[in-house]
Amino acid sequence: MKRQIALLSLLLIVTSTIISCKKDTTSLKAQMMGRWQLNRIVTTGYTADETLKDPTKINGDVTYGKTSDYVDYKSNNDDQVEISLSGNRTIGTYQIIYSDQFTMELNDGNNFCMVNSLTGSQFQFTATINNRIKKVYYLSR
C-alpha cells in the first residue's frame with residue numbers, strides 16, 4: 001500500500017511539473033528576442049552645433065533594409081544586443097524595465113526605449129538619449 005501511494009505521489013509530481021512548464025511567449029523580452037531587420041531610423045533632437053562637430057549625429061529619416069542592417073537581441077544570460085548599420089556592428093546590453101519599456105546601453109549612450117508597437121513581424125520603438133535626442137526604430141522579421 002505504501003508503495004502504491006509513493007508511486008501515485010511521484011506520478012502526480014511529474015505530471016504537475018510537466019503541465020506547469022510553459023514557454024514564455026508574452027513577456028516583452030520573449031517577444032523581442034532574436035534578429036530583426038532594421039528598415040529605418042528617424043532621428044530628431046541634435047543641434048546644428050552637434051551635427052557640425054560630428055557628421056554621424058544627424059537629424060532625419062534614414063532608410064536601411066539590406067541584410068547587413070539588423071538588430072539582434074541575444075538570448076544569452078548577458079542580455080546583449082547587436083546592432084549592424086551598413087555593416088558597422090555595435091554590441092551593447094539591454095534591460096527590460098516594464099512591459100513596454102527597456103534600456104539599451106550602446107556607444108551613443110544610454111537609450112531609454114518605449115515600445116510603440118510589437119507584433120510577431122513588426123517592432124517599433126522610440127529611444128531617447130540624454131532626455132532630448134529621439135530615435136524611432138522600425139524593425140521587421
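Q: Why is F125 called buried?
A: F125 has a relative accessible area of 0%, and a residue counts as buried under 20%, as exposed over 50% and as partly exposed in between, with a 1.4 Å probe and protein chains only, so F125 falls in the buried class. The model is predicted, so local features need pLDDT of at least 70 and side-chain atom pairs count only at pLDDT 80 or more, while totals for chains, interfaces and linings use all residues. Residues are numbered from 1 along each chain as its sequence is written, and side-chain values use heavy atoms, with hydrogens and water left out.

Q: What makes F125 and Y137 a stacked pair?
A: Their centres are 4.8 Å apart with 10° between the planes, whereas rings of Phe, Tyr and Trp (its six-membered ring) pair if their centres lie within 6.5 Å, and count as stacked under 30 degrees, as edge-to-face over 60 and as tilted for the rest; the pair is therefore stacked.

Q: How do you know which kind of pair F102 and F125 form?
A: Among the 8 aromatic pairs found in the whole structure, F102 and F125 have centres 5.1 Å apart and planes at 65°, which makes the pair edge-to-face. F102 lies in strand β6 (residues 101-106) and F125 in strand β8 (residues 122-129), so the pair joins parts that are 23 residues apart in sequence. F102 is buried, at 0% relative accessible area.

Q: Why is R141 said to sit over the ring of W36?
A: The charged end of R141 is 3.8 Å from the ring centre, and a charge sits over a ring if NZ of Lys or CZ of Arg is within 6 Å of the centre and within 35 degrees of the ring normal. R35 likewise lies over the face of Y70, at 3.5 Å from the ring centre.

Q: What makes up the lining of the largest pocket, by class?
A: The lining has 12 nonpolar, 9 polar and 5 charged residues, where Ala, Val, Leu, Ile, Met, Phe, Trp, Tyr, Cys and Pro count as nonpolar, Asp, Glu, Lys and Arg as charged, and the others, Gly among them, as polar.

Conventions. Helix = DSSP H or I, 4+ residues; strand = E, 2+ residues; numbered from the N terminus.
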